[in-house]
Amino acid sequence: MNMLKGAKGFWSSIVLAVVFGIAMQFLITGEIINFFYVNTLYFIGINIILAASLHLIIGITGQFSIGHAGFLAVGAYASAIITMKLELPFVLGLVAGGVAAAIAGLIIGIPTLRLKGDYLAIATLGFGEIVRIVFLNIEYVGGASGMTVTQLTTWPWLFGSILLTLLVIRNFTNSTHGRACISVRENEIAADAMGINTTYYKVVAFAIGAFFAGVAGALYAHNFFIIQPTNFGFLKSFDILIFVVLGGLGSMSGAVLAAILLTIVSTFLQSYPELRMIIYSLVLIIMMLYRPQGIMGTRELTSFFKFGKSAKGGVNDGSKNTVA
Amino acid sequence: MAVKTPLLKVNNAGIRFGGLKAVSDVNLELKQGELVGLIGPNGAGKTTFFNLLTGVYVPTEGSIELDGDKLNGLAPYKITKKGISRTFQNIRLFNELSVLDNVKVAYHSLAKHSIMSSIFRLPKHFSEEKYMEEKAVEFLKIFNLDNVMHETAKNLPYGQQRRLEIARALAANPKLLLLDEPAAGMNPQETEELMNLIALIRKRFDLTILLIEHDMLLVMGVCERIYVLDHGQLIAEGTPEQIRNNPKVIEAYLGEEVS
């Protein structure tokens with residue numbers, strides 16, 4: 001019975017999302033919202049995918065990875081090669097971007113995920129930088145001057161990718177496999193003792209997260225006409241990390257919300273680049289002082305609409321204290 | 001009873017960390033259905049020995065066999081699947097998960113649906129998840145935890161957290177249950193409840209239990225046999241009565257008698 005109720009809420013939210021997507025499409029094609037806002041919208045969309053994908057790695061599985069821009073870069077370049085060099089359709093570029101990043105995730109994940117905490121962070125940071133340097137030195141993809149890419153990212157592709165990302169990550173999380181990942185985050189030794197193959201689930205979460213970061217990379221590459229290695233520095237990794245931490249470690253809606261809010265803030269601060277970083281940092285410091293658990297804590301948006309307690313609910317403070 | 005083949009057989013097992021012999025030459029046998037205590041002063045190597053049994057550490061010498069299968073060098077999760085499950089001295093629950101989900105994690109190895117079936121929400125996902133949920137709820141009823149099953153684990157009172165940890169260990173369907181100081185920090189009434197609980201689960205799940213404990217009342221009260229560990233070596237073995245009067249044990253606990 002409970003499950004049926006859950007399924008009903010699930011389908012209605014999908015229908016709502018699709019209606020929203022179609023409405024946006026009309027607004028865009030009817031040129032009711034101007035180019036600047038459309039561009040911001042694309043920015044937001046790509047950041048949502050990035051935030052959700054890192055949320056799976058850090059928020060759910062608890063693996064502190066700070067080289068996420070590396071996967072973004074792999075996805076961006078792989079898809080650009082598919083569409084620009086091989087002149088294949090964009091959809092193949094999207095898939096190739098995701099797959100290439102997932103493979104990169106496996107290659108980096110299998111040796112490094114046995115590291116813990118700070119060590120893993122340093123290793124992933126190193127990975128991100130290595131990826132950037134590698135692309136910087138490959139002449140085939142333009143080296144430092146970058147690679148020109150046609151604008152192919154459109155709202156339907158972007159919206160479809162967001163929906164797919166959120167659905168897959170949500171479905172994965174709310175299953176025995178997701179619980180296995182959460183148990184790794186909560187207590188790795190106990191998870192091991194309960195028969196969970198902790199290394200396997202860390203690698204799986206890492207690969208799925210990397211896959212969607214790669215998809216985001218493909219969308220990113222085909223939105224900005226040019227991709228350069230400098231776009232994927234470690235500051236980009238930190239941007240994504242901030243979405244996840246600010247939104248609340250363990251909450252996907254939190255990460256999405258933070259991605260939307262921060263993208264809007266930084267877009268409007270673009271004319272004052274030096275102020276942007278100051279305000280960004282201030283927001284973070286204030287947040288960590290007054291609400292260290294992030295915007296949402298570990299709760300999900302849906303838990304506010306349910307009577308009784310959500311699967312992850314039961315946090316000490318009531319929903320009324322939640323700043324959003 | 002003596003004719004039964006041992007469930008757990010430990011031959012000369014030991015581990016050294018660099019030059020330090022934390023545990024050495026431990027020989028121990030548990031028969032199916034026994035409740036055995038492992039006692040010893042602080043730092044004697046009791047928990048280290050548990051870590052050897054569960055694969056957290058790999059023994060540097062000797063062998064460990066469960067039902068004739070060698071366990072040396074297996075990853076902890078594989079040893080759990082073979083049938084050894086444990087609780088921890090300092091409670092290790094999945095704090096942010098609900099009580100129900102804590103137990104469901106232990107059922108993970110039973111789940112037959114793949115990651116893909118969960119991602120695409122195939123029928124198999126729903127049937128398996130439903131099966132796990134029903135099993136977990138039923139299980140929590142045995143432990144009187146069904147009324148708090150949606151509570152977050154970290155919000156439970158201490159005694160219930162201990163009980164949940166034992167429930168979770170049992171949900172992994174072990175042949176051998178290792179309890180690491182289950183009564184630590186409990187008051188006499190809670191300790192008594194715990195003793196009843198141990199007796200109950202033993203009967204109900206046909207278990208073999210090895211327990212580390214400092215509370216002598218509990219150890220002497222429920223264990224049939226007791227092993228005593230001191231400085232990483234077994235110094236005595238026997239019934240509670242024998243252990244109580246063993247001069248070596250008295251020496252280890254109280255220091256040498258002045259004559």
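How many residues of domain 1 of chain B are in contact with how many residues of domain 2 of chain B? In this predicted model, 8 residues of domain 1 of chain B contact 11 residues of domain 2 of chain B. Of the side of domain 1 that touches domain 2, the largest share comes from helix α6 (residues 158–171) of chain B, with 6 residues. That side of domain 1 consists of 4 nonpolar, 1 polar and 3 charged residues. Domain 1 of chain B is made up of two segments, 6–92 and 160–254, while domain 2 of chain B covers 97–151. A distance of 28 Å separates the C-alpha centres of domain 1 and domain 2 of chain B.

The confidence scores apply to the model and to each chain. The model has an ipTM of 0.90 and a pTM of 0.89. For chain B the mean pLDDT is 89, and 97% of the residues of chain B reach 70 or more. For chain A the mean pLDDT is 87, with 92% of the residues of chain A at 70 or more. In residues 307–324 of chain A the pLDDT falls below 50, and this stretch has 27 contacts in the model beyond near neighbours in sequence.

The contact between the two chains involves 36 residues of chain B and 29 residues of chain A. On the side of chain B that touches chain A, at least two residues each are supplied by α2 (76–82), β6 (84–86), α3 (99–106), α4 (115–119) and α5 (123–142) of chain B. Helix α5(B) provides the largest share of this side, 5 residues. By class, the side of chain B that touches chain A has 13 nonpolar, 12 polar and 11 charged residues.

Helix α4 (residues 90–112) of chain A and helix α9 (residues 198–221) of chain A have axes that come within 7 Å and cross at roughly 145°. The crossing of α4(A) past α9(A) is right-handed. Residues of α4(A) in this contact include Gly93(A), Gly97(A), Gly98(A), Gly105(A) and Gly109(A), and those of α9(A) include Phe206(A), Phe211(A), Phe212(A), Gly214(A) and Gly217(A). The contact of α4(A) with α9(A) comprises 16 nonpolar and 8 polar residues and no charged residues.

Helix α9(A) also packs with helix α7 (residues 176–186) of chain A, at an angle of about 110° and with the axes 10 Å apart. At this angle, α7(A) and α9(A) are therefore roughly perpendicular to each other. The contact is formed by Ala180(A), Cys181(A) and Val184(A) of α7(A) together with Thr198(A), Tyr201(A), Lys202(A) and Ala205(A) of α9(A). These residues of the α7(A) and α9(A) contact are 5 nonpolar, 1 polar and 1 charged.

The remaining pair is helix α10 (residues 234–247) of chain A and helix α11 (residues 252–268) of chain A, whose axes come within 7 Å and cross at roughly 120°. Helices α10(A) and α11(A) are therefore oblique to each other. As with α4(A) and α9(A), the crossing of α10(A) past α11(A) is right-handed. From α10(A), the contact takes Ile242(A), Phe243(A), Val244(A), Leu246(A) and Gly247(A), and from α11(A) it takes Gly254(A), Ala255(A), Leu257(A), Ala258(A), Ala259(A) and Leu262(A). By class, the contact of α10(A) with α11(A) has 9 nonpolar and 2 polar residues and no charged residues.

Conventions: Residues numbered from 1 in each chain as written. Chains lettered and ligands numbered in written order. Predicted model: local features only at pLDDT ≥ 70, side-chain atom pairs only at ≥ 80, totals over all residues. Domains from an automatic or database assignment. Contact = placed C-beta atoms within 7 Å. Helix = DSSP H or I, 4+ residues; strand = E, 2+ residues; numbered from the N terminus. Nonpolar A, V, L, I, M, F, W, Y, C, P; charged D, E, K, R; others polar. Axes fitted to C-alpha atoms, helices over the stretch in contact; angles between N-to-C directions. Left-handed = near helix turned anticlockwise from the far one by under 90°. Parallel < 35°, antiparallel > 145°, perpendicular 65-115°, else oblique. pLDDT = per-residue confidence, 0-100.
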